[in-house]
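Subject: Structure handover

Hi there,

Here is the structure I promised to pass on to you. Please have a look at it alongside my notes.

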Amino acid sequence: MAWRGPEAEKGPSRRSRRRLAIRALRDQGRYGPGLREVLPAFAAVAVVVCGAVAGVAEAYRALGPGVLVAALALLAVVTPVSIRHHRPLARRRLGHYTPEELAELDTDGLALAVSRMLRRDGWTVLPPPTGEDRPRVRARNGRGHRIEVAFRPVAEPLPDEEPARSARRTGTSVRLVVHRGTFSHRDIQWARRQGDIHLIDGPCLRSWAHGTPLHQLTDAS
């Protein structure tokens with residue numbers, strides 16, 4: 001019997017690699033919900049639709065065509081209301097926000113909004129860095145450019161020099177500081193001294209959220 005030697009160490013299985021890849025895509029917001037997540041909703045919709053059709057058919061047989069006309073009229077009223085109710089959520093997921101919606105966001109919500117706007121503009125949002133005590137968004141585009149976004153709450157001073165040094169270590173080519181208010185003259189001078197920092201104030205942020213591409217607001221491309 002031939003000696004076969006020690007078996008080579010097996011790597012991760014295909015299933016494990018696929019699970020890790022899906023998890024990474026979901027962290028970047030590039031992978032949709034799984035079948036287990038949407039199946040209950042589909043089942044509920046099917047039950048509701050089948051029940052409504054059966055109820056209308058039974059009422060039509062018992063009461064005549066007037067029930068069908070009333071059902072169609074009710075559907076004509078309910079459908080636009082439902083569309084208007086869900087349209088803002090779909091719009092925000094595509095990276096479009098109204099000024100009122102921006103004003104209601106906390107810092108974490110603003111970071112999520114900026115992530116969606118970056119994806120809308122063709123950037124790939126990277127997983128958030130570990131060990132950070134403040135929200136921060138990182139992204140890259142197809143040209144190999146990288147971007148890092150810091151957020152300035154209204155009542156706090158401009159971020160200090162530490163985020164700038166960290167950004168240079170990671171090779172970030174463009175850095176943004178997003179603020180829903182107005183930057184002071186000191187803030188503007190500080191950004192100019194850094195050279196690669198762009199300040200996104202309230203009007204600029206609202207324009208970006210309305211649909212203006214980021215490269216038209218800065219030279220980040």
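The protein chain has 221 residues, of which 29% are buried. Its secondary structure consists of 9 helices and 5 strands, and the order from the N terminus is α-α-α-α-α-β-β-β-α-β-α-β-α-α. Of the contacts with a separation of 6 or more, 49% join residues 24 or more positions apart.

On confidence, the chain has a mean pLDDT of 75, with 66% of its residues at 70 or more. Among the elements, H8 has the highest mean pLDDT (94), while helix H6 (residues 161–169) has the lowest (43). Where pLDDT is low, the predicted coordinates should not be read in detail.

Now to the helix pair. The axes of helix H5 (residues 107–120) and helix H8 (residues 202–210) come within 10 Å of each other and cross at roughly 50 degrees. That angle makes H5 oblique to H8, and the crossing is left-handed. On the H5 side, the contact involves Leu110, Val114, Met117, Leu118 and Arg120, which meet Leu205, Trp208 and Ala209 of H8.

Best wishes

Notes
Residues are numbered from 1 along each chain as its sequence is written. This is a predicted model: local features need pLDDT of at least 70, side-chain atom pairs count only at pLDDT 80 or more; totals for chains, interfaces and linings use all residues. Side-chain values use heavy atoms; hydrogens and water are left out. Axes are lines fitted to C-alpha atoms, for helices over the stretch in contact, and angles run from 0 to 180 degrees between N-to-C directions. Helices (H or I, at least four residues) and strands (E, at least two) are DSSP runs, numbered from the N terminus. Angles under 35 degrees count as roughly parallel, over 145 as roughly antiparallel, 65 to 115 as roughly perpendicular and the rest as oblique. A crossing is left-handed if the near helix is turned anticlockwise from the far one by less than a right angle, and right-handed if clockwise. Contact means heavy atoms within 4.5 Å. pLDDT is the predictor's confidence in each residue, from 0 to 100. Buried means under 20% relative accessible area, exposed over 50%, partly exposed in between (1.4 Å probe, protein chains only).
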